[in-house]
Amino acid sequence: MTVMKINVIGGGPAGLYFAILMKRQNPSREVVVVERDGPNDTFGWGIVFSDQTFSYLDECDQPSFERIIGACEIWDNVDVVHKGERVTIRGNRFSGIGRLKFLSILRDRCRELGVELRFHANVTDVESYRDCDLMVGADGANSAVRRAYQDFFRPSVDVRKNKFIWLGTNQLFHGLTLTFRENEAGRFIAHSYKFNQTTSAFIVECDEATWRSAGFDGKSEAETCEYLQRVFEADLGGHPLLTNNFVRWINFPLVRNQRWRHENVILLGDALHTAHFSIGSGTKLALEDSIALAKCFAEQSGVTAALQEFERARRPVVEALQDAAFSSLLMLENIAEDWRLEPLPFAYKMMTRSGRVTHEKLKKRDPEFAAAYEEWLQRQSKSGVKLPV
Ligand SMILES: Cc1cc2nc3c(=O)[nH]c(=O)nc-3n(C[C@H](O)[C@H](O)[C@H](O)COP(=O)(O)OP(=O)(O)OC[C@H]3O[C@@H](n4cnc5c(N)ncnc54)[C@H](O)[C@@H]3O)c2cc1C
């Protein structure tokens, strides 16, 4: 019997989890993960999961699931801070975990199962890794694998208007917190949540005009943090903003691919599709891709059939989530239009922005919040004020 050889380019969540599942399915497979960075260099601070993601992980690989859950911070509230007032919406169960911790759990699990991990290996000649049964491009939003076969994958990368930067802080945000602040330069949005007992992720977003007017193009890392500390002074409780090695302002790249596979090559995770971080689902999507692809290999005979089935089954799910994330992204890009709203209707609009959380869902999750909004609506209609749309 011939041994199946799999080369995975990129050791992020998608590549590592796929390697785990394929090796679990059949330990005789030769699975190699090739990663540009070292085991301790990673961008970002923390990642967020909804409860739903966790049930999948439990079913797929219990040992890694137990370690992941053990390292998570759990909460059930979303807080929206606008015009200096905090509105709390309960019933939204999430878990936060440090990205470095998460990746180290997946790497340990790869090693236990006999997956070969090669670090400090920046793949430039993609074709030289094609000599295998399956090559997986799990090398992130700026994928070299996607670029190498772009005539086949036909990607589109829509670079969005807002700028964002991923920072950390020791101020603990107990819940997924969206904070809106303004100063003389313009409007700023912070997305924050704790991911261990001492640290929170703190992602700041603003439009290009605000960014220029605040002078960020000429500011050092330290000056950037000092400036943003002043903007969010009321929220940071005196804690500084922290950077890691990878700090820079980015415009979000919205990645889609017309085709997902080319001969024995498949794209996974951010290389295949991105979803705006405001709905916190990039890692969830990456892991679900890996699960779906591994399932196709368990059920189909042959690489071509498995890849075809993966694209057929998975594309509609991914596109639906990308649509929801896009609605959220658009609302944040056009936040000036909603800024005038009072904290309660503003928070309601934020909660329902992706189109996935309906009024009925909110009523179940947080009856008090839904009732307060209904009362507010009634008061507005009695007083003849035009309602927000
Ligand atoms: C600001 C921000 C906040 C986010 N917040 C969240 C969140 O809260 N929750 C969430 O679920 N997701 C979040 N995401 C998204 C999440 O980080 C990604 O969606 C997720 O990491 C995708 O996993 P991946 O494995 O596809 O890609 P990546 O995590 O990008 O991994 C790709 C890997 O490939 C490696 N690589 C790249 N090129 C090469 C090469 N040429 N050779 C070898 N290796 C290579 C990289 O070093 C990297 O390790 C956020 C993203 C951003 C930018």
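**Aromatic pairs and the ligand shell**

Tutor: F202 and F232 are both buried. Keep in mind that this is a predicted model. The rings of F202 and F232 form an aromatic pair. Their centres are 5.3 Å apart, with 80 degrees between the planes. That angle is over 60 degrees, so the pair counts as edge-to-face. Now place the two residues on the chain. F202 sits in strand β13, residues 200-206. F232 sits in the loop between α8 (221-231) and α9 (233-236). The pair therefore ties together parts that are 30 residues apart in sequence.

F346 has a relative accessible area of 0% and is buried. There is also an aromatic cluster, formed by F188, W211, F216, Y227 and W249.

Next, the ligand. How many residues surround it? The number is 33, and the closest are A14, E35, R99, D270 and T283. A polar backbone atom of A14 is 2.9 Å from an oxygen atom of the ligand. For T283, a backbone N or O atom lies 2.7 Å from a ligand oxygen atom. A side chain takes part as well: a polar atom of N122 lies 3.2 Å from a nitrogen atom of the ligand. On its own, the ligand has 990 Å² of accessible area, and the protein covers 92% of that.

Which elements supply the shell? At least two residues each come from α1 (13-25), β3 (46-50), β10 (155-169) and α10 (282-299). The largest share, four residues, comes from α10. By type, the shell holds 16 nonpolar, 10 polar and seven charged residues.

Last, step back to the whole chain. It is divided into domain 1 (5-44 + 98-156 + 253-332) and domain 2 (358-389). The centres of domain 1 and domain 2, taken over C-alpha atoms, are 42 Å apart.

Terms used: Residues numbered from 1 in each chain as written. Predicted model: local features only at pLDDT ≥ 70, side-chain atom pairs only at ≥ 80, totals over all residues. Heavy atoms only, no water. Near = heavy atom within 4 Å. Polar contact = N/O pair within 3.5 Å; in protein donor to acceptor, adjacent residues only side chain to side chain. Areas by Shrake-Rupley, 256 points an atom, 1.4 Å probe, with all protein chains shown as cover. Nonpolar A, V, L, I, M, F, W, Y, C, P; charged D, E, K, R; others polar. Domains from an automatic or database assignment. Buried < 20%, exposed > 50% of the residue type's maximum accessible area, 1.4 Å probe, protein only. Phe/Tyr/Trp six-rings, centres within 6.5 Å; stacked < 30°, edge-to-face > 60°.
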